[in-house]
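Subject: Structure handover

Hello,

I am passing this structure on to you. Please look through it first; my notes follow below.

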Amino acid sequence: MAKIRFIGFDGTEYAVDAVDGQSVMQSAIDNAVPGIDADCGGQCSCATCHVIVDAAWIDVVGRPGEREEEMLDLNPERDANSRLSCQIPVRDELDGLIVRLPEFQM
Amino acid sequence: MSESSRATPRDEILTRSNKEFFEQWAIDPHRDPASVPLADIDPGHPYLFEARTELPYFERLRREDPVHYCEKSMFGPYWAVTKYDDIVYVDSHHDLFSSDSRLGGINLGGIADPNPDPQFHLPMFIMEDPPKHDEQRKVVAPMFTPRHLQTLQELIRERAGKILDNLPRNEEFNWVREVSVELTGQMLATLFDIPQEDRHKLIYWSDTTQNIGNPEFFDTVEEGFQELWKCWSYFSDVWQQRKAQKEPGNDLISMLVHGESTKDMPPNEYLGNILLLIVGGNDTTRNSISGGVLALNENPDQYRKLRANPELVTSMVPEIIRWQTPVAHMARTALVDTELGGKQIRKGDRLAMWYISGNRDSDAIENADRFIIDRANPRKHVAFGFGIHRCLGNRLGEMQLKVIWEEILKRFDSIEVVGDPVYLRSSFIRGIRELPVRISG
């Protein structure tokens, strides 16, 4: 179990109790956090669950894998700490994680 | 070139008679799908799409043979991939399944030819694999970010309003021509920053691309190509003009002119990418606009629900796109021997991902065979494709549909379909050519 804080583009904060093994994307969807579309349902194939990981957390979360990087790379608005939240599995060490939502999903 | 030894499949396709070819492959599109032996089923026959009788074939394949080998098809042999999950898998694995036009490209009927004649081979980034695909796509991608599209929304709304306000009342007219084609044509002219009156040329070249093998349009494919090169002449002038501009323009051609991976394209590649942007921005949204009107007429309960709750436009838009699935399939070529749905796919085999079938797959989408404008999860569909080739203009298409429906609901109580629709003879673009409607008031 990990507490994850999603910060919307307008600054609204959503604190979510995320279940280990689920993805960060799924915990957002299950808790009705707005701003994530996740059209492909978590298969790293649409890039509509884009989040920007807080700089202090990026080393804990880790960098994108090869396929994820390919998808992110096609978004002109990606950030250095961008991740696809469907590719981040929740685990205890992510307790307190902060991720920001982009203004738009592309 | 000695014709006896060098006649390639491409030469044959270019010069054969479109009419004779269709006659050779003629089928009765109204026969009972259950009566056709499984081994003989090719759901991609354009006659089925023209007669709107294709869906039962896909339903049967999803049930009986989800990854189905179509041995005898006018496009040559290919695997029909019909289930949602298999489609997502193929689409997401560009390392296994190539889009390269030299291997056959992204639609059925594409010809594998490692050294194609540039006059009849139009490379475009949708028919490239990484890295070229990624490099060229990134050149035009900034046009289609939701942030940039926001700046276009009011313009689209104003135009949509004008188009709707000028429609005839109490008489029959073709919705496709008067509304769908108009709105998307105007949008395209804006994205290219060319005079609005030239949108008719874009529409013509878009239609030419889709109908290059259709005997009603051209006797031979070669003849169709001649028309397409006129598109190059037109845009060659635009290119020179944009290149000479001191300040780079914010239009698609200027983006290509200044893009590192696009600034030195040979003529056939420039033409190919122009046609990609024209077709991608034209046929897709056009047919979804028409398809929505038809779907609401075929499902009057949904139309009533929409009128009572106009805010449902938001969830109706992706449902219309799923329901219409304006790109019926995308094709790929296997790069290696691999397995899909228990079938052995060989290197070089062609596959068609039937988006139209994945979008009716009840194992993936609840009540997939029903048009429901307030679904819980309407964005779950394969109409935009997945993976690196996912539709670049998806948000623009959605925005145009949303705006036109918001403006329709402000103005008309009902758009009534008053005659039989005429469908496009194509299993690539699932299109509507004519939709006779009448608006009272």
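This is a predicted model: local features need pLDDT of at least 70, side-chain atom pairs count only at pLDDT 80 or more; totals for chains, interfaces and linings use all residues.

B:Asp369 sits in the loop between α16 (355-358) and α17 (394-411) of chain B. Leaving aside residues up to four places away in sequence, B:Asp369 touches B:Arg360 and B:Ser362.

Five strands make up an open sheet with mixed pairing, in the order β1-β2-β8-β5-β3. β1 (67-70) and β3 (97-98) of chain B are at the edges with a single partner strand each, so one side of each has no neighbour in the sheet. Between β1(B) and β2 (residues 78-81) of chain B there are four bridges, and the pairing is antiparallel. In that pair, B:His68 is opposite B:Ala80 of β2(B). Helix α6 (residues 84-92) of chain B packs on the sheet, where it touches β1, β2, β3, β5 (329-334) and β8 (350-354) of chain B. The direction of α6 makes about 125 degrees with that of β8(B).

Chain A has strand pairs too. Strand β3 (residues 50-53) of chain A runs antiparallel to strand β4 (residues 82-84) of chain A, and three bridges join them. Here A:Val51 faces A:Arg83 of β4(A). β3(A) is also joined by two bridges to strand β5 (residues 97-100) of chain A, again antiparallel. A:Ile52 is opposite A:Arg100 in β5(A).

Now the helices of chain B. How far apart are the axes of α10 (residues 199-210) and α13 (residues 267-298) of chain B? The axes are 9 Å apart, and the helices pack at an angle of about 95 degrees. α10(B) and α13(B) are therefore roughly perpendicular to each other. From α10(B) the contact uses B:Leu202, B:Ile203, B:Trp205, B:Ser206, B:Thr209 and B:Gln210, and from α13(B) it uses B:Leu275, B:Ile278, B:Val279, B:Asn282 and B:Asp283. Sorted by class, this contact has six nonpolar, four polar and one charged residues.

In helix α7 (residues 132-140) of chain B, the buried residues are B:His133, B:Gln136, B:Arg137, B:Val139 and B:Val140. Their arc around the axis is only 150 degrees, so they are on the same side of α7(B). Among the elements covering these residues is α12 (252-258) of chain B.

A few backbone points remain. Most residues other than glycine have a negative phi, and most peptide bonds are trans. The bond from B:Pro130 to B:Pro131 is cis, with omega near 5 degrees, and B:Pro131 is in the loop between β3 and α7 of chain B. A:Ala38 is not a glycine but has a positive phi of about 50 degrees. A:Ala38 lies in the loop between α1 (24-30) and β3 of chain A and counts as buried, with 24 C-beta neighbours inside 10 Å. B:Arg52, also not a glycine, has a positive phi of about 55 degrees. B:Arg52 is in the loop between α4 (46-51) and α5 (55-64) of chain B and is partly exposed, with 13 other C-beta atoms within 10 Å.

Regards

Conventions:
Residues are numbered from 1 along each chain as its sequence is written. Chains are lettered from A and ligands numbered from 1 in the order in which they are written. Axes are lines fitted to C-alpha atoms, for helices over the stretch in contact, and angles run from 0 to 180 degrees between N-to-C directions. Angles under 35 degrees count as roughly parallel, over 145 as roughly antiparallel, 65 to 115 as roughly perpendicular and the rest as oblique. Two residues are in contact if their C-beta atoms, placed from the backbone, lie within 7 Å. Ala, Val, Leu, Ile, Met, Phe, Trp, Tyr, Cys and Pro count as nonpolar, Asp, Glu, Lys and Arg as charged, and the others, Gly among them, as polar. Two strands pair if DSSP finds at least two bridges between them. A residue is buried if 20 or more other C-beta atoms lie within 10 Å of its own, exposed if 12 or fewer, and partly exposed in between; C-beta atoms are placed from the backbone. The arc is that of the directions from the helix axis to the C-beta atoms.
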